[in-house]
Amino acid sequence: MKKLTLTLLTGVLALNLAACGSTSGNQPGNGGKPSQGASGSDTRTYFINPKSIGPAYWAAAEKGAKKAAADLKVEVLFNAPTEADSSKQINMIQDMLTRKVSGIGVSPNDAKAVGPVFKKAKGQGVNIVTWDSDAPDTDRQYYVAPATDQEVGELLAKTIGEEIGGKGQVAFMVAGLGSQNQIAKSNAAKAYFAANYPDIEVVTTVASDDDQQKAYANAQNLLQTYPDLRGIIGFAGGEPPAAAEVVEQAVKAGTLEKNQVAITGIAVPSVVKNYIKNGTIKTDIIWDPGKLAYVTVYILDQLAQGKEIKDGMEIPTVGTVKVDGQNVFIGTLQVTNENVDSFDF
Amino acid sequence: MSAWTSRLPLKGNKLIVQMLLLFVIIVLFSFLSPYFLTVTNIMNVLNQMVEVGLIAIPMTMIIISGAMDLSVGSILAFSAVCMGVAYERGLDIWISVIIGLLAGLLCGAVNGYLIARHRMQAIVVTIGMLVMLRGLVYVINQGRPISGFPDAFYFMGQQYVGGIPVNAIFLVVMFLLASFVMKKTRFSTYVYGIGNNEEVVRYSGISVVRIRFILFMLSGLFSALAGIFLVSRLASAEATSGTNIELDVITATLIGGTHIFGGRGSLSGTFVGLLIIVFLRNGLNLLGVSVLYQAVILGALLLLAVGNKKFNGE
């Protein structure tokens with residue numbers, strides 16, 4: 001009798017849990033299109049898949065994706081593993097393929113590993129667009145990016161080169177050593193130094209795996225290991241604030257002179273606002289991750305309706321985009337002390 | 001000695017609870033999502049559960065013996081990357097696979113040597129290996145993913161035989177084999193015995209050192225196998241593969257009714273536990289539930305499983 005009660009209890013509890021889960025999952029969808037309560041089969045659904053869930057950068061992207069869902073009257077599911085893990089990400093894409101979504105926007109953790117699942121998607125007639133990080137040599141149809149990795153990498157190298165007067169040791173901080181966009185950007189920066197600032201030495205490249213604590217520890221280690229370090233480039237959203245925080249603390253503790261280490265990188269303005277105001281970071285490069293996600297949803301929706309993607313096409317709330325082959329570029333922004341307050345993300 | 005003979009009726013009852021839970025999950029999701037109970041989705045889930053499932057086999061045995069192996073995820077990545085590097089250096093793909101398996105076996109042997117021979121704490125040793133091997137992986141491949149394997153190799157992880165994924169068939173065969181070993185052989189008696197009362201087994205003249213050593217070797221080998229299947233499925237050997245997989249493996253084992261302190265548990269239970277977590281995760285994915293909630297639900301389920309054991313077990 002006891003066992004029977006227990007069995008029933010277990011079942012009921014599991015039911016409750018799953019029910020809670022499903023309502024919380026549906027809310028954003030319903031919010032997007034109040035006219036239809038349940039997801040009708042005629043609504044187009046898109047799965048937008050960042051590298052992971054948690055960092056501020058992806059949270060900003062989620063807002064943009066949800067806004068696109070409301071504007072275009074489609075349903076958008078925004079989900080990813082909690083850590084930047086390629087196999088979990090691919091499992092999730094496979095699950096969404098069985099759900100028969102109309103299109104998938106992926107920021108792949110591993111450009112090569114997504115090949116087979118993209119092929120499968122193509123076989124099922126599901127459009128794939130990569131965003132933020134590309135997977136070339138796969139069946140993806142478009143890549144939505146702020147600018148080429150080459151341009152961004154060169155811009156970062158140029159910024160730091162000018163700040164430190166073209167001479168000295170520079171360290172690179174990246175999110176993942178295996179990630180295509182990180183490799184391409186850091187290689188472009190290295191090439192730019194070699195061509196334009198031969199006196200700049202890139203001493204090391206450290207990776208945080210998108211883990212904020214690890215990025216922080218990496219920055220501390222850099223200052224310890226390279227006392228003559230003049231500059232740090234952070235190639236992903238979590239790196240520049242970690243570097244800036246560590247440098248500010250070292251300056252406060254008196255172990256480092258102010259402005260000895262220049263920092264630039266890619267970071268969401270709201271996260272680095274204080275460091276920019278303090279002058280620890282002079283220039284920060286960013287694009288609006290929300291717009292990136294917005295354009296991704298827009299492109300997927302155009303593809304689903306069989307419409308053409310043209311160069312210079314006007315996208316509502318984003319503006320004109322540059323289309324070069326299979327690449328869609330939305331452009332970068334430079335964040336400095338003058339304009340840091342004008343960003344809302 | 002009779003402590004583990006009484007486990008039979010107990011295990012039977014517990015398995016019913018687990019099966020019922022699985023049944024409830026499947027029925028629930030098939031109502032909530034029209035795509036859940038489709039052949040493609042089920043094959044898809046089977047294809048995804050293989051790596052966790054393979055490692056869960058030796059993990060169940062090790063937990064029954066009263067120990068734990070936390071290094072499995074790092075062994076997985078280490079073997080995968082060793083295989084990838086061997087292939088990149090121009091070796092035949094199947095020789096590379098064997099090198100990968102040997103690498104895993106070697107890691108398992110190191111674990112086994114330290115734990116069995118020197119009687120070091122299993123958790124401490126395997127945490128050490130977890131950290132060290134993950135570091136080695138980054139050293140070996142410089143953090144870059146290795147890809148470009150021949151098509152014949154992808155057969156293992158991406159092809160279907162009679163509509164069923166090859167790797168899933170392999171997993172089921174392995175489970176059946178291991179289940180046979182754990183039911184019919186003397187080896188299993190020793191494993192359960194060590195978990196219940198190590199001293200008694202030792203005084204019976206049985207080499208506890210050897211049994212423990214074999215268990216950790218098996219764990220290394222199966223982790224390597226999982227690594228190779230993972231590479232075959234994803235077409236890429238990367239440094240981060242297998243991160244946190246030990247949590248999934250141990251969750252499946254515990255939900256499957258294996259006692260964390262050893263002495264009790266079964267592979268059939270683990271298999272059901274495995275199905276519970278993969279179907280739960282898949283179902284929640286299909287519904288578009290954020291992973292943040294998924295973690296909460298999975299954790300709650302684990303608590304439920306453990307609580308249930310206390311109620312039911314003694």
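A: Let's start with burial: a residue is buried if 20 or more other C-beta atoms lie within 10 Å of its own, exposed if 12 or fewer, and partly exposed in between, with C-beta atoms placed from the backbone. This is a predicted model, where local features need pLDDT of at least 70, side-chain atom pairs count only at pLDDT 80 or more, and totals for chains, interfaces and linings use all residues. Residues are numbered from 1 along each chain as its sequence is written, while chains are lettered from A and ligands numbered from 1 in the order in which they are written.

Q: What percentage of the 314 residues of chain B count as buried?

A: In chain B, 56% of the 314 residues do.

Q: How many helices and strands does chain B have?

A: Helices (H or I, at least four residues) and strands (E, at least two) are DSSP runs, numbered from the N terminus. Chain B has 14 helices and four strands.

Q: How do I read a helix pair?

A: Two packed helices are described by the angle between their axes and the distance between the axes. Axes are lines fitted to C-alpha atoms, for helices over the stretch in contact, and angles run from 0 to 180 degrees between N-to-C directions. Here H3 (residues 50-64) and H13 (residues 267-287) of chain B pack at about 150°, with axes 10 Å apart.

Q: Which residues of H3(B) and H13(B) make the contact?

A: Contact means C-beta atoms, placed from the backbone, within 7 Å. H3(B) brings Val52(B), Gly53(B), Ala56(B), Ile57(B) and Thr60(B), and H13(B) brings Leu267(B), Thr270(B) and Leu274(B).

Q: What about contacts along the sequence?

A: Of the chain B contacts between residues at least 6 apart in sequence, 79% join residues at least 24 apart. The C-alpha trace of chain B spans about 55 × 50 × 35 Å along its principal axes.

Definitions and conventions. Two residues are in contact if their C-beta atoms, placed from the backbone, lie within 7 Å.
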